[in-house]
Amino acid sequence: MQVAEQQLLDLRPKFKETRKKLLSARHLPGEVYSSPEIYDMEKQQIFMTYWLSVGRVEEIPNVGDYYTFQVMKESIVVSRPAPDQIVAYMNQCLHRGVEVAVGSGNAKEFSCPYHAWLYDVGGKLVVAPGMKASEVDLKNCSLRQLHVKIWRGWIFVNFSDEPMSFEDYIAPFEEPLWWFQTDQCKLAQKVEIDVKCNWKFLVENLIDIYHVGVIHKGTFGGFVKGEQVRFNLLENGGWHTQYEARPHSKSGDQVFPTLPWAQDKPSGIACKAGIYPNLNLSMRADSVRMWHIWPISPTETRVICYLLFPQAAFSISNYDEEMDKYVGFVRQIIAEDAVMVEGMQNTAGSKFFKPGPMSPLEEALYHMENHYIDAMTSQD
């Protein structure tokens, strides 16, 4: 960590360029996208501190349902041990740290594959074979529990022992995000794609209205009037906006039923929002997409996009065909972005790279990049 702290100190003069007013500011220096030491520090300062969305309630509807997940190589289990209870805990046996659960499914208990220590689906230690003579008290032990909150159908976890209040964290979004009633939607599919770039490039790309009319011109960019988009910026690094755009399909036609709460809105309604650090919400009249950006390494990122629709969408006569088209359209958009962000990643590590100036269209990026500086230097 000392190396990363020194790097941050060395970057302070460059951070000052990002701190300037928007029309005089420059983007973040390349080191924050390429340094392994800064990446490790981001894990502690951001991903082990902020509330993180790790899935949907509907993914574990029954008692005993569970799935495993990794956040920057920290393995966790999310499960439903009781009808009205969802928990999350570290996937590390209390003996030698071996993962006790694999994949997803339904179970009553997990047996560590190394020494057969047994845990119930809620993470409580049931029995530890061969440990009767041990003088260590193993009664009432359980795998390390994470803090869990449910918001609009999403499961949020926090790794910190004393996390920031979730209510305070989410409060700025409660009123303005009325259109993202995702607890009333149903999950159709998840699109997962790995991209060879730092996670911040993708988070920034999702709010970069500047590029939409350029690289997405052939898909949806030609129908988004970027210069007219105005962002509402929040103190916690989040943001939200509403604008006009055609439905999210290759043809531009709406093929799925309108979301019930958008019935009285124009067919061209489009809403976007970001919950820091890695959650992006995008809505059209007929659907909601929830983009989760997960760091894998300093130069690799996994995109998990949840495709949500109103219940009525699943009953249309040609559902499978239209859903295949929708998924293909989403994949095409990600592929268009991937070429650009991977190119930026190649440049980020160059000693010759100098961050460029901000465009007026990059107000939201400016806001988020400065919040990143706040998060990374908060303990200075």
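**View 1. Q189 and its partner across two strands.** In strand β17, L307 is the bridge partner of Q189. This view, like the others here, comes from a predicted model. Strand β11 and strand β17 (residues 300–309) run antiparallel and are joined by nine bridges.

**View 2. The sheet of seven strands.** Stepping back, we meet an open sheet whose strands follow the order β11-β17-β16-β15-β14-β13-β12, with antiparallel pairing. At its edges stand β11 (186–195) and β12 (232–233), each pairing on one side only.

**View 3. The sheet of four strands.** Here the order is β4-β3-β2-β5, again in an open sheet with antiparallel pairing. β4 (85–90) and β5 (104–106) each have a single partner strand, so one side of each lacks a neighbour in the sheet. On average, neighbouring strands of this sheet are turned by 25 degrees against each other, direction ignored.

**View 4. A closer look at β2 and β3.** Strand β2 (residues 65–71) pairs with strand β3 (residues 74–82) in the antiparallel sense, over six bridges. To find your way, look for Y66, which stands opposite S79 in β3.

**View 5. Helix α1 beside helix α8.** The axes of α1 (residues 2–19) and α8 (residues 363–377) come within 11 Å and cross at roughly 150 degrees. That angle makes α1 roughly antiparallel to α8, and their crossing is left-handed. From α1, the residues L8, R12, F15, T18 and R19 meet Y366, E369, N370, I373, D374, M376 and T377 of α8. By class, this contact has five nonpolar, three polar and four charged residues.

Terms used. Residues are numbered from 1 along each chain as its sequence is written. This is a predicted model: local features need pLDDT of at least 70, side-chain atom pairs count only at pLDDT 80 or more; totals for chains, interfaces and linings use all residues. Side-chain values use heavy atoms; hydrogens and water are left out. Two strands pair if DSSP finds at least two bridges between them. Axes are lines fitted to C-alpha atoms, for helices over the stretch in contact, and angles run from 0 to 180 degrees between N-to-C directions. Angles under 35 degrees count as roughly parallel, over 145 as roughly antiparallel, 65 to 115 as roughly perpendicular and the rest as oblique. A crossing is left-handed if the near helix is turned anticlockwise from the far one by less than a right angle, and right-handed if clockwise. Contact means heavy atoms within 4.5 Å. Ala, Val, Leu, Ile, Met, Phe, Trp, Tyr, Cys and Pro count as nonpolar, Asp, Glu, Lys and Arg as charged, and the others, Gly among them, as polar.
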